[in-house]
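Subject: Structure for you to look at

Hello,

I am passing on a structure for you to look through. Please open it first and then read the notes below it.

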Amino acid sequence: MTPLIALSDLKRGIGLVVSVAPGLTVCQSLVVLFQAVLPLAGLYLTKSIVDAVVAPETAVLPVGVLLTAAALVALATVCIRETGGVLQERQSHRLGDRVFNLLHRQAAGVNLACLEQPEYHDAFHQALSEGPYRPARILGGLFDVLRNGVLLAGMTGFLFLFQWEVAALLPAAVLFPAIVRWRYARRQFDLRKKTTGTERRAGYYHWLLTSPEAAREVRLLDLFSFLSGRFNRYRQTVCRQRMALAGRQAVATTLMRAVGIAITFGCFALMARNAMSGTASVGEFVMLMQAFHRGAGALDGIFSGAAELHENRLFLSALFRFLDLPGESPDAPGPTDVPDLSRSTIAFENVSFTYPGTRRPVLQKVSFTLCPGDIVAIVGPNGAGKSTLIKLLCRLYEPDAGRILVDGRNIRHFDLKTWRRQIGVVFQDYIHYHFTVADNIRVGDIRLDEKDPRIAEAARHTGANLVSNALPHGIHTLLGRTFEGGCDLSEGQWQKIALARALVKDAGLMVLDEPTSALDADTEHHIFTRFRELTAKRSTLLISHRFSTVRMADRILVLQNARILEAGNHNELIRMRGRYSEMYSKQAGMYI
Ligand code: ATP
């Protein structure tokens, strides 16, 4: 990393902290200033007290007054320290919230191709584990350096005035341990980076051991020892490496501290010699000892603060690298409005696609047309590329070649959010939101009000109302077992709710990926006898392995080996006696 990037990360980190709470930052700066000045006053008072005790006749003020002043300084020091602590705590919380918001926004908007790479997860892990608290520590570190700088200047001034050679030796007493800390800051960071993958693996086994999703299989397959063994192995690998580095750092720090201690006590000997020979007063001797001690502490604080700043900056750079990952495909310059999809012709034109990081093309020169109001079904074996086709249509990925057109206009030219608002989707692996039934449906169009009648209407269309009627609080029942009072559903019941979620949106295009795979025969019949009515004002793209569903489509595409093999309606394809007819006969044969 070049010093320029390092500096810009530091600037960005400080900018982040200041922008979150400018007022708090100013207050903290004042606290730091007081914290630096008060010890100087305390030190001078100590000297004055000792001298007044030894020679009361030459004292400027009585011992009692000096003692009271010293007590007030001590009290002020405590008050300032506690105030500083509270301010810092408040700022850390605000900053943590802001960094979490930034991380969530980035994770929710990052390019999908990027999201699926292991490097993304490593970067996210690093950013999440260190990101929320490192920026606060950057500012804390800077304040420490500032406070200690002022303190050091004052203490060195005292020492120079009374015994310059001791002042000259002061840096040597603390320099060597600081060098060790600086060097190990980089090594700690590099080790963290190196072990991120292993830590994530341990995290995965932890998830398997503890998540409700995996609980049934873990018990039935008696996987505890296997999973726990792997978890421990990964944890131990990380722990061993960390301990080895910590051990090396401890040895190096101890050696360097020993050098520092020797220099410190050498300086004390010089001060004692002056006091014993009468060159300095006892008060001066006490003051110089304290000044040296505090000066060394301040310089140590500066070196440590700088090393910590360096360390925090390294971790912060991981956060910023994550925040700088590319977002979803930007709209073409000057995005145009999306036409009403229920009245538009959607055409795939020679679309080819290969997933990033893989070599096998999933789609090759795929072309077909979806006319307004039509239901087009896509069938084909597992892995044929059916869901991928939908992902391209939803612009989760961009085609490598070819175009997807709406009334002749490339969908890349539409505003991404508006484009997606026009599509009602049920994915194969839709989410079971642990929200109420109403909210599960409402998230299909989050702009709807909670009480919008369209929510109940969509539930009625897909039979989700029958599911909610049987629940303790009807449509307001919380689903899932994650939270108190939640009820779980069968897969088919969840699917009815997911279908309602897609229907609640006033979308011109419906995209359904295996929407009925878990529905019972009655429900499937109920939904599809009304499907025409439900989708009368919309165009529909449907993926299904169930031929009872597929056969009612206006057009059926058979996708195999990345290409469209056959196209036509059910009767035409049966007459063709090709792949569709073969698949249909096989499935029908299973019921005879
Ligand atoms: P199914 O009928 O099993 O749902 P499908 O026809 O919908 O299958 P797709 O999900 O489109 O098939 O997958 C097509 C191919 O693309 C598969 O070989 C799959 O392994 C691969 N694939 C899917 N998603 C990704 C991804 N995110 N990254 C890399 N390859 C992927």
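Here is what was found, starting with the nonpolar cores. Keep in mind that this is a predicted model.

The largest nonpolar core has 40 residues. Within this core, V379, I441, I556 and Y580 touch the most other members. Helix α16, residues 491-503, supplies the largest share of the core, with seven residues. Another core, of 34 residues, lies apart from it, and L341, L370, C394 and V511 are among its members. As background, nonpolar side chains in soluble globular proteins tend to be buried together.

H570 lies in helix α20, residues 570-576. Is H570 buried or exposed? H570 counts as buried because its relative accessibility is 8%, and the cut-off for buried is under 20%. The side chains of H570 and Y580 make a polar contact at 2.8 Å. Again leaving aside neighbours within four places in sequence, H570 is in contact with R551, I556, Y580 and Y584.

Last, helix α11 covers residues 386-393 and is mostly covered, with six of its eight residues buried. Those buried residues are K386, T388, L389, I390, L392 and L393. After α11 comes R395, which has a positive phi, near 60°.

Regards

Technical notes
Residues numbered from 1 in each chain as written. Predicted model: local features only at pLDDT ≥ 70, side-chain atom pairs only at ≥ 80, totals over all residues. Heavy atoms only, no water. Core = buried A, V, L, I, M, F, W, Y, C linked by side-chain atoms within 4.5 Å. Buried < 20%, exposed > 50% of the residue type's maximum accessible area, 1.4 Å probe, protein only. Helix = DSSP H or I, 4+ residues; strand = E, 2+ residues; numbered from the N terminus. Polar contact = N/O pair within 3.5 Å; in protein donor to acceptor, adjacent residues only side chain to side chain. Contact = heavy atoms within 4.5 Å.
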